[in-house]
Amino acid sequence: MSRALLTARAIVRLSPLEPAEDAAAFLQGLVTNDVTGPLPCYAALLSAQGKHLFDFLVWRDGADLLLDCEAVHADELAKRLSMYRLRRKIAIARDESLAVHWAPEAQRGPPSDPRLPELGHRWLGPSEGESADAAWLAHRLSLGVPEGRAEMGDILWLETNAVELNGVSFTKGCYVGQENTARMNWRQKVNRRLVVVPLGASDEARRQAAYPELGLAVDHLRVENLDPAALPEWQRAGVLGAAD
């Protein structure tokens, strides 16, 4: 069984400093998904215009919440969340004692990735083991799943396939960027999508990221220019619905 570290990921911990404080209630008013229900879940912190800033998985550790996020942007995420904290007694900081572990094989025990079961299993634990970053990248892109700022940039959240990847709740109430996100969903106006394409077929003008070693790229393309037959099954229904 392959079990290894995703060293490009880091953990940001939100810890109540008083019994009356509630980290989940604090985060609930900021991010795109319901963090008061079953966890882990996939969510994002958006701009006021509904554009991607940070995407992450949210885990529970007792009264604390743990954000499984990009390591390169972890400190920036903690700083941004701290701006919203105001006078609330909640500690927000990177937790160096934990790391993200991943196994591509189906197995009992660790939870499946909440975005897509085929992404495999992941869990949090001590930072021990060998890096699986290259294997994870190849596996994720083979399934057509984008993540992180290099691939998502400042794209509108629903254009990143957030609905299909279980990254948004339309019943949880307000959060930063909720108005534009809800309006797009209600009007069914998701005109562009992030898609993983062969590098040779990539439109350089619409390219978000390129991976020459894998022969793949992530493009931000208009829905009418997509061939549904070339899309992964999980993405196809959403694109066809938007094109109707």
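User: A nonpolar core is a set of buried Ala, Val, Leu, Ile, Met, Phe, Trp, Tyr and Cys residues joined through side-chain atoms within 4.5 Å, where buried means under 20% relative accessible area (over 50% is exposed, in between partly exposed; 1.4 Å probe, protein chains only). Which residues of the largest one touch the most other members?

Analyst: Leu141, Val145 and Trp157 do, within a core of 36 residues. Please note that this is a predicted model, in which local features need pLDDT of at least 70 and side-chain atom pairs pLDDT 80 or more, while totals for chains, interfaces and linings use all residues. Residues are numbered from 1 along each chain as its sequence is written, and side-chain values use heavy atoms, without hydrogens or water.

User: Which elements supply at least two residues of that core?

Analyst: Among them are β3 (41-46), β4 (52-61), β7 (99-103) and α3 (133-142), as well as β9 (192-198), β10 (207-211) and β11 (216-222). These are DSSP runs numbered from the N terminus: helices (H or I) of at least four residues, strands (E) of at least two.

User: What does Trp157 touch?

Analyst: Leaving out residues up to four places away in sequence, tryptophan 157 touches, among others, Tyr42, Leu46, His52, Met152 and Val168. Touching, or contact, means heavy atoms within 4.5 Å.

User: Changing topic, in what order do the five strands of the open sheet run?

Analyst: The order is β3-β4-β5-β2-β6, with antiparallel pairing; strands pair if DSSP finds at least two bridges between them. Because β3 and β6 (90-94) stand at the edges with a single partner strand each, one side of each has no neighbour in the sheet.

User: Over how many bridges do β2 and β5 pair?

Analyst: Strand β2 (residues 9-16) pairs with β5 (residues 64-70) over six bridges. Opposite valine 12 stands leucine 67 of β5.

User: And what is the order of the three-strand sheet?

Analyst: That open sheet runs β9-β11-β10 and is also paired in the antiparallel sense. β10 and β11 share four bridges, and arginine 207 faces aspartate 219 in β11.

User: Now to Arg115: buried or exposed?

Analyst: Arginine 115 is buried, at 1% relative accessible area. Its place is the loop between β7 and β8 (121-125).

User: Which side chains make polar contacts with the side chain of arginine 115?

Analyst: Aspartate 113 does at 2.8 Å, and glutamate 147 at 2.7 Å. A polar contact is a pair of N or O atoms within 3.5 Å; within protein, one must be able to donate a hydrogen and the other to accept it, and residues adjacent in sequence count only if both atoms are side-chain atoms.
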